Amino acid sequence: MTVVRVALPVPLRQHFDYLIASDQPCQIGCRVLVPFGNRQLVGIIWQLAPDDGFDASKLKTVLQLLDTTPVLPPLLCQLLSFAAEYYHYPLGEVLISALPALLREGRNLTDYQPKAYRLTTAGQQLSATALKRSAKQSALWQALQSHQLTESVLLQQHSRATLKQLLDKQLAEELIVPPVPFTAPLKPATGLKLTSAQALAVTAVDQACGRFERLLLEGVTGSGKTEVYLQSIAGLLNQQQQVLVIVPEIGLTPQTLARFQARFDVPVLCWHSALSDSERLHCWLQASTGAAAIIIGTRSALFLPFYRLGLIIIDEEHDQSLKQQDGFRYHARDLAIKRAALQHCPILLGSATPSLESLHNTLNKRFIHLPLPDRAAGQALPVFELVDLKQQVLQFGLASQTLAQIKKQLDLGLQVMLFLNRRGFAPALSCQECGWLTECHRCSAFTTYHKQSRQLVCHHCGASKAVPRQCGSCGSTQLKPLGQGTEQLEENLQQLFAGVAITRLDRDSTRRKGALHRALDDIHQSGARLIVGTQMLAKGHHFPNVSLVVIVDVDGALYSSDFRAPEQLAQLLTQVAGRAGRGSSGGKVLLQTHYPEHVLLQDIINNGYASFARSALKEREQTRLPPFQHLALFRAEAHQSDLCQQWLQQLADYSRQFSGLQLLGPIPAPLERRAGKYRWQLQLYSTGRPQLHSALDNMLQQLHSWPLSRKVKWQLDVDPTDLT
């Protein structure tokens, strides 16, 4: 018997030793089924015959070796080991999370690999009359006479039941089809004519192929970043190298997938959470065997076992969706850079509004900067105009000059987009007599009124209830909506512009399958149209008929306790504004605000995002905030607020022994109570990354022994992007 060290999906920062028969062909990265307490768990072999193993007589035996070859190849194991160490998360849970659900459940991988069928020796020697009583079996037997058939081809003409009958009679047999990497395109893909800046960017990517290089493609909205991606990929496909394209949300960029499939005559696959378990496993297999040439996916696509990866592209690299916000809190952009280093391939980060971290790396020459300062088709960038709401009479939240400009564009047969980052009908219901507001009984937040469903919904914990008939304080029936959401804005616009088509894009209107695609198809129709939506509108859409963008209420995001809020607001404004003027007509952006003199708004309007980002970096440097210091965040949750405060205070007192650490907290979270639990946080800053991680390792070893640690739910978030 041989001792193997196994990583298990349990919240413990240790591995477990088991015995396995010496003749079993086990390797590091293979799955095993092992006993663990009164359960059976699927784990990953992490070490063979460890020198510091336990006494073999006290070890349990592996129940089953599930793989003969690793499901996690060595390079991917390196990446996952680094990720577990960097984000201080149990290795077993990190390893298992990188596998499709069916493999996590212990399913046999060969059951899902491509299969073919052929006649056995008995089947070949069978006489033509032996199956005359079964026409279906005879037809399948005759089809297999000349050559074997793949499962997909066979099932086009014959039923699975008929196939099973031949298999049961041992007249046919199943075999696994050997994996075949994709073949290079027979004819070169024809791309659009590049601008000089695009051509320089493509050349830079081509020259970086075959070695690790980090490139930042900073292009204004409409500058043709996708075309740069496409033409950079073409040469790699000719060399039969695979490409990974990570996008923030695959459902919000269907035109990206369509463009890739239309351009290249190679297999282009998707990877995202909306796929079924079998579809995800199919994509995983296609990546591992090299059958898939291009995979476009969300952040977890980073962990696919590519056969021959030649390029990684991160689209909208600034987007917060690239950071996992629960459980294993990794950042896909940062881990993608590490994977590119391990693969010795370039990584291309693209954005019109790069994150301050990426911009900082560019200014320090860690990244190669590839600017695209102009729109690809030569259109002018949209013109900004501030609409001062002070002392104005508003009609449904819109100023008179805003309504006049909307009407002008609609009369020209063009489209107008209205951006309001609040879904639902109204942020709350208010009593007109005593001022009472509808609040969530589980969160420190108001419940949003959804008129169509007649529900009050908390957008933080998801709790919902029917709309009350009376005020919860004074009993009055005079309850009115307070504020405005996209649902109300759509209803009001129908009154103001009767007969004009309206499309609403938010999480509520696109909840049903296919609803988003239908909405996007409607938007691409010509003719006057109003488009209402939340930040879903900002993510990479190309709407050539939109000539005017109205940002209905920018004030709500101007003042925030999160130091990243100005950066995120500037990115959002720039991205939303970039939807205007992408066609032949010019573009304009109206920003409605009570604070037109605000420094951030003035900087964005007069100087653009690039200028804002560089000044914001100087502010970060002066205040010693990331990226000029490294940040880790401890969060604590409990039903009693004082337990969170006491636990974090104990942690803060313990952490003061480490030199180079600066502490902020314990402090209540901006949303202090969520889903019935109080939330507090402790922020740890350090100028040195090694010092911070060394301190975190020491803390994690100690805090498990504290009695309070069993009374609170806590999480550690390294490099957090959301402090709320």
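Predicted model: local features only at pLDDT ≥ 70, side-chain atom pairs only at ≥ 80, totals over all residues.
Is Asp553 buried, partly exposed or exposed? Asp553 counts as partly exposed, because its relative accessibility is 33%.

## Salt bridges across the chain

Let's start with charge pairs. Side chains of opposite charge can pair when their charged atoms come close. Searching the whole structure turns up 27 salt bridges. In one of them, Asp67 pairs with Arg31, and their closest N and O atoms are 2.8 Å apart. Asp67 sits in the loop between strand E5 (64-65) and helix H1 (74-86), while Arg31 belongs to strand E3 (residues 31-36), so this pair ties together parts that are 36 residues apart in sequence. Both Asp67 and Arg31 are buried.

Now back to Asp553, whose side chain meets that of Arg422 in a salt bridge at 3.3 Å, N to O. Arg422 lies in the loop between strand E17 (415-419) and strand E18 (428-431), and Asp553 in the loop between strand E25 (546-551) and helix H17 (565-577), so the bridge ties together parts that are 131 residues apart in sequence. Arg422 has 30% relative accessibility and therefore counts as partly exposed.

Arg423 forms a salt bridge with Asp508, with 2.8 Å between the closest N and O atoms. This pair links distant parts of the chain, 85 residues apart: Arg423 is in the loop between E17 and E18, and Asp508 is in the loop between strand E23 (501-505) and helix H16 (515-523). Asp508 counts as partly exposed because its relative accessibility is 22%. Arg423, at 18%, counts as buried, since the cut-off for that class is under 20%.

## Arg620, a buried arginine

Helix H18 (residues 599-623) holds Arg620. With a relative accessibility of 5%, Arg620 counts as buried. What does its side chain reach at 2.6 Å? The answer is the backbone oxygen of Pro626.

Leaving aside neighbours within four places in sequence, Arg620 is in contact with residues including Leu356, Glu357, Phe563, Arg564 and Glu567. Its contacts also include Leu625, Pro626, Pro627 and Phe628.

## Helix H19 and its surroundings

Helix H19 (residues 641-655) has 15 residues. From its first C-alpha to its last, H19 reaches 21 Å, close to the 21 Å expected at 1.5 Å a residue. Its buried residues are Ser641, Leu643, Cys644, Trp647, Leu648, Leu651, Ala652 and Ser655. These pack against strand E27 (630-638), strand E28 (661-674), strand E29 (677-686), helix H20 (689-703) and strand E30 (713-718).

## Nonpolar cores

In soluble globular proteins, nonpolar side chains tend to be buried together. Here, the largest nonpolar core has 82 residues. The residues with the most contacts inside this core are Leu72, Trp284, Ile295, Phe634 and Trp647. Helix H1 gives the most to this core, with seven residues.

Which residues does Trp647 touch, not counting those up to four places away in sequence? They are Phe634, Ala636, Leu703, Trp706, Leu708, Ser709, Val712 and Trp714.

Definitions and conventions
Residues numbered from 1 in each chain as written. Heavy atoms only, no water. Helix = DSSP H or I, 4+ residues; strand = E, 2+ residues; numbered from the N terminus. Buried < 20%, exposed > 50% of the residue type's maximum accessible area, 1.4 Å probe, protein only. Polar contact = N/O pair within 3.5 Å; in protein donor to acceptor, adjacent residues only side chain to side chain. Contact = heavy atoms within 4.5 Å. Salt bridge = Lys/Arg side-chain N within 4 Å of Asp/Glu carboxyl O. Expected span 1.5 Å × (residues − 1). Core = buried A, V, L, I, M, F, W, Y, C linked by side-chain atoms within 4.5 Å.
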